[in-house]
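Dear colleague,

I am passing on the structure that we talked about, and below it I have set out what came up when I went through it. Please read the notes with the model open beside them.

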Amino acid sequence: MTLATPLLSPVFQENNTVLHNICDFDLQQTLDCGQAFRWYEQPDGSFTGVAFKKVCHISHLDNNIILHGVNQADFEGIWRGYFDLDRDYSQIKQQFSVNPVLAKATAYAPGIRVLKQEPWEALCSFIISQNNNVKRIKGIVDRLCTTFGEPISGGFYAFPTPETLARCSPEDLAPIRAGFRARYLIDAAQRVASGEIDLEILHLLPLDEARATLMRITGVGIKVADCALLYGCGRIDCFPIDVWIRRAMDCLFPDGLPDCAADYAGIAQQYIFHYARTCPAFSKESNAKNRVSL
């Protein structure tokens, strides 16, 4: 269910878009929390990134978000949906607050929003994420784009198309240093480019069917499939489980995700993931529980 955000009031000034008095959107928490890998923080706290073959420079001043160089057409056609700006995160967090543990994880980074990325890029990004860390994922994705992507404005590159990668061999991908993941990327590209897998309909399929479709790709298991569906197809019914989430669930939610999060499992997952990965209080709590269990 998508909820209207009453505080969203875009103002278009020349080639910029300004969002006045926007709540529940922190740039650092959203763009550097492990869900997207083409955003880079600048010294002044702003971020520059690429999505859907467009470059965006975004900054936060007081209660305003400024999308520099973004006109009305691009805002409405790309960035409004990408940043999930038509969803009322205040109401979702209020719903989560029924559970005190989930409320604590949410309060740790209340400005997180779940991005809706281009499905093909999200799929490739999370294939690359396997047994990897964020810094290295960003490096591989950057090399993939600069080596095989189309040049766009400002010296940036678009994400390479499935058709481009489908023509590659693992040896061709050697410069991006993706290791064993190179053949997974090529298999994904070949299946998408041939039409065997249609990424654009995955948001319409029953979740089990959508997941099974992606798992036909070599190297794509349930975790990568769920990440691609959540971050690339807007499937907030997905709850990807990696080592951080498994550890968090064992420690914080041994009886499973609370009922108050059932409608927004994917959004709850992002709060929990970020909390487990970066909050010192969780590390102490988790380590204490592990000592007791020993």
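**Strands around S6**

Strand S2 (residues 16-19) is joined to S6 by three bridges, and the two run antiparallel; strands and helices here are DSSP runs, numbered from the N terminus, with at least two residues (E) for a strand and at least four (H or I) for a helix, and two strands pair if DSSP finds at least two bridges between them. This is a predicted model, in which local features need pLDDT of at least 70 and side-chain atom pairs count only at pLDDT 80 or more, while totals for chains, interfaces and linings use all residues. Residues are numbered from 1 along each chain as its sequence is written, and side-chain values use heavy atoms, with hydrogens and water left out.

Strand S5 (residues 54-61) is joined to S6 by five bridges, also running antiparallel. Isoleucine 65 in S6 is the bridge partner of leucine 19, and isoleucine 65 is the bridge partner of histidine 60 as well. S5 and S6 form a hairpin with two residues between them, and aspartate 62 in that turn has a positive phi of about 55 degrees. Four of the five residues of S6 (residues 64-68) are buried, so this strand is largely enclosed by the rest of the structure; buried means under 20% relative accessible area, exposed over 50%, and partly exposed in between, with a 1.4 Å probe and protein chains only.

**Loops on either side of S2**

Glutamate 14, in the loop between strand S1 (10-13) and S2, has a positive phi near 50 degrees although it is not a glycine, and at 84% relative accessibility it counts as exposed. Aspartate 24, in the loop between S2 and helix H1 (27-31), also has a positive phi, near 60 degrees, but at 18% relative accessibility aspartate 24 counts as buried.

**Helices H5 and H8**

Helix H5 (residues 119-128) and helix H8 (residues 181-193) pack at an angle of about 160 degrees, with their axes 9 Å apart, the axes being lines fitted to C-alpha atoms over the stretch in contact and the angles running from 0 to 180 degrees between N-to-C directions. H5 and H8 are therefore roughly antiparallel to each other, a term for angles over 145 degrees. Residues of H5, including Trp120 and Leu123, meet residues of H8, among them Arg181 and Tyr184, where contact means heavy atoms within 4.5 Å.

Phenylalanine 180 lies in the loop between helix H7 (162-166) and H8, and at 37% relative accessibility it counts as partly exposed.

With best wishes

Terms used. Angles under 35 degrees count as roughly parallel, over 145 as roughly antiparallel, 65 to 115 as roughly perpendicular and the rest as oblique.
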